[in-house]
Amino acid sequence: MIHRPLWLRVIAYAIAILVSLFYLYPYWWMLLGAFRPAEAVLTDPLRLWPERLDFSVFRDIATVGGVSIWRYLANSVWITGASTILSVGITALGAYALTRRPDLLAFKALRSGFLLTMMYPYMLLVIPVYIVMFKIGLLGTYAGIILFLALGPIQFFLFEQFFRSIPGEVIEAAIIDGASEWQVLRLVVMPVAMPVVATVTIITFLLNWAQWFPILVISRSPDTYTLPVALLNMTGELGVNFQGIMALAAITTIPATLVFLLAQRRVMQGMADGAVKG
Amino acid sequence: MGAVTLTGACKSYGAVEVLKGIDLEIADGEFVALVGASGCGKSTLLRMIAGLETVTAGDIHIAGKRVNDLPAKERDIAMVFQNYALYPHMTVAENMAFSLRLKRASKEEQRAAVERAAQILDLEALLDRKPKELSGGQRQRVAMGRAIVRDPQVFLFDEPLSNLDAKLRVHMRSEIKELHQRLGTTTIYVTHDQIEAMTMASRIVIMNGGIVEQAGTPFEVYDSPVNMFVAGFIGSPAMNFLEGVLERSETGGCVRLPSGERIPAVLPEGAVPGRKVKVGLRPEHLTLGDEGPEVRILVVEPTGSETQVTVGVGHEKLTCLLRERVALEANQRARLSFDPAHVHLFDSETGNHL
């Protein structure tokens, strides 16, 4: 290990801390805003500590748009959880099939189709999805929202990339050893792919937790809204309830932050393991 | 038992014909090496026997049973790959027992088979390790262990030593040979290294451009190559080729080189004087002495046990491999001598041995 002089390390740490604070400050400001009355925020916006803790806002946001905040939270957990599991399952299987048998009919076209959805503006994608959801009667249902969020070209390509990196001989060795296609996937490929599964799961969870536009489009009433949609809904309804918005923003952000903090170690570990090829 | 028979085996990818009707009989317990340059189709042929590639035309029989349409797992073969192909998340023992686990063999049975294979390959101390904790040679032994555990009719090796360093390669070469002598299982071994093929196999199949050029024992293909390709492929350093014209002489026959020098040779029956030929001389059959055509020393490369000398005859270059230590220097003159019985003559157009 190279031993750098103390002064160099002090400067490096100082820069790192400064940059971190720069990114953390908006979050701290959001948290402060949740506990400070709007007038106090407007008169002294840069204050680093609240004058007093004001919990009154949590009464204000107990219901948003006539629906309990607990409902939004439950929706967020259910929609994000289900769509993440579905997304990981479907894209992993799809990417595996495409990597194993790229010669099968229409597989190449399917892959290009996935690529196209990444290039196509997301907002425009929602219009045909709305029409399709309407035609198949899934508009305003959880199933409709979950299905839409489970479509993940990014997840698909992450899996595909990984499956391509597994040497074909390992799979062939398993086939000669007597494994069926399903056993190859279950006993050889998936255990090796666990770090990628973890990474994709976390990425999907974080993406879907923050999702609002398609949910707003597919929903027919606030009953199927998630926390970010409720947050968006607050602006119009209560004028600018600054404190309320900050409080709901904090509630929306905290679970995602926790998931990331808990999982990041495992993801990093997974990536490091993956880098050292067996 | 584990005899393998190929009858007119062909393989095409679209319009590209990779294998053009391979006929080959491999007896039970034989060690056959498929050897040839990259792209000659040897690996494809092995993969067809393994069931990893379909057979476009012709038949493959293993132990008397036609296996063309049989999936790999039902062919009773085991394969060792160039890059080992170990399952990275399993321990050595789990890697070796995987096929038995899939067969739902009892834990006791699995353990016994793994222990037996580990003992043969000296892997007992490594059974709990993961592949990434092993060296290249150890990984290759595990891959072999995995094959042994299956107790197959036929072992298939696809360039198993190519990823190892030179020293380890020599060591593993003798280990594989010893393993074959011990188990007596039919073995088909693909390699591009003719030394590997010569030292290990009881029979060598030399392939080129999707066909079998010659199949025979190591000495047969070395002593009596059927054509220039085989003659040039087998032997290291490779055989020297010179152009010339057949002539009769008092002692029997000779070949006149374009430079005017004459090389004594045993003329084959029916050889017509004046016929254009290619002369093949193995470097190890050449010596530098007081008699024979005059040559100019170009490069001297001593390796310790032997000395490789490149000499010039007219506009051609020849390589000589001398067993004894010689005090030669570049640009010196010397005379090239050899036993006429060791001179190979090939048709200059077809390349076939005369």
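**Notes on chain A and helix α4 of chain B**

1. Welcome to this predicted model. Let's begin with chain A, which is built from 13 helices and 2 strands. Its radius of gyration is 23 Å, well over the 19 Å that the globule rule gives for 278 residues, so chain A is more spread out than a compact globule.

2. For a sense of its dimensions, picture a box of roughly 75 × 65 × 30 Å along the principal axes, filled by the C-alpha atoms of chain A. Of the 278 residues in this chain, 29% count as buried.

3. The contacts of chain A are worth a look too. Taking those with a separation of 6 or more, 73% are between residues 24 or more positions apart.

4. Now please turn to chain B and find helix α4, residues 136-149. At 1.5 Å a residue, its 14 residues should span 20 Å, and the end C-alpha atoms are 20 Å apart, so the two values agree.

5. How much of α4(B) is covered? The helix is mostly covered, with 11 of its 14 residues buried. The buried residues run from B:Arg139, B:Gln140, B:Arg141, B:Val142 and B:Ala143 through B:Met144, B:Gly145 and B:Arg146 to B:Ala147, B:Ile148 and B:Val149.

6. Which elements do the covering?

Notes
Residues are numbered from 1 along each chain as its sequence is written. Chains are lettered from A and ligands numbered from 1 in the order in which they are written. This is a predicted model: local features need pLDDT of at least 70, side-chain atom pairs count only at pLDDT 80 or more; totals for chains, interfaces and linings use all residues. Helices (H or I, at least four residues) and strands (E, at least two) are DSSP runs, numbered from the N terminus. The expected span of a helix is 1.5 Å times one less than its number of residues. A residue is buried if 20 or more other C-beta atoms lie within 10 Å of its own, exposed if 12 or fewer, and partly exposed in between; C-beta atoms are placed from the backbone. The radius of gyration is taken over C-alpha atoms; the globule rule is 2.2 Å times the number of residues to the power 0.38. Two residues are in contact if their C-beta atoms, placed from the backbone, lie within 7 Å.
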